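I wanted to work through this model slowly and write down each thing that I looked up. My notes follow in the order in which I made them.

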Amino acid sequence: MARVMHMRGFQEEDVMPENDVIERAQNDAREGKSPSTQAGEFVHEEMEHIREGKHGARSTKQAIAIGLSKARRAGVKLPPPGAGSSRQTRRKAAHDTERGRRHAKGRVSRKRSRATARALRREGRSAASRRSLAKQATSAARKRGAAARSAAARKAVRTKGPRRRSLAAKKAARTRARRAR
């Protein structure tokens, strides 16, 4: 008989999140950090798995989606995907959220889990490269308005000390000069 290792709706073949990731996310929740920050722990773990060669991903977006799915199944209260996403994506997110809420212990199809894991192993490893992540972050930021980006930059400035603020200002000036040409 197959050995099944359950943990809050995960199975062994599911490439289960490691306990320290769940603990870090729970710690973030206790500190009152946002659900997206808590989910970031799972996304970070996913990127590490790709870099370590445990599996790959077709794109950076897919790697992030896998991390968010794991976060929802672990009970992180992430908001549902926006109206711009497909019906299938919204249904999957709702299912993951429900699993996280109920801590479902139901059996997961062994065949399907193994097929998913094998398919991911065949994918490339460049989805977690610095270049791919930077490209994804830039394109995601571009979709937000200028006001939202400006607010995020102002919030980031508050966490910098005077030296790092000065360096950031010089870098911004260089960028502006380069774009002006």
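I began with the lining of the second largest pocket, which by class has 6 nonpolar, 2 polar and 6 charged residues. For these classes I counted Ala, Val, Leu, Ile, Met, Phe, Trp, Tyr, Cys and Pro as nonpolar, Asp, Glu, Lys and Arg as charged, and the others, Gly among them, as polar. The space in this pocket is about 560 Å³, and of its 14 lining residues the closest to the centre are Ala153, Ala168, Ala172, Thr175 and Arg179. A pocket here is an open set of points on a 1 Å grid over the protein atoms alone, where a 1.4 Å probe fits, with protein on both sides within 12 Å along at least five of seven lines, and lining residues have an atom within 4 Å of a point. The volume is the space filled by probe spheres set on the points, which are joined across faces, edges and corners.

Which helices supply at least two residues each of this lining? I found helix H6 (130–143), helix H7 (146–159) and helix H8 (162–180), and H8 gives the largest share, 6 residues.

Next I noted the ground rules: this is a predicted model, in which local features need pLDDT of at least 70, side-chain atom pairs count only at pLDDT 80 or more, and totals for chains, interfaces and linings use all residues. Residues are numbered from 1 along each chain as its sequence is written, and side-chain values use heavy atoms, with hydrogens and water left out.

I then checked pLDDT, the predictor's confidence in each residue, from 0 to 100. The mean for the protein is 87, and 90% of its residues reach 70 or more. Over residues 1–14, however, the pLDDT is below 50, although this stretch has 43 contacts in the model beyond near neighbours in sequence; a contact means heavy atoms within 4.5 Å. Where pLDDT is low, the predicted coordinates should not be read in detail.

For the overall fold I listed 8 helices and 0 strands, taken as DSSP runs numbered from the N terminus (helices H or I, at least four residues; strands E, at least two).

Leaving aside neighbours within four places in sequence, methionine 47 touches Thr60, Ala63, Ile64, Ala127, Ala128 and Leu133. Its C-alpha atom is separated by 8.1 Å from that of alanine 127, 80 residues apart along the chain.

Last, I looked at histidine 95 in helix H4 (residues 87–102), which counts as partly exposed because its relative accessibility is 45%.

Terms used:
Buried < 20%, exposed > 50% of the residue type's maximum accessible area, 1.4 Å probe, protein only.
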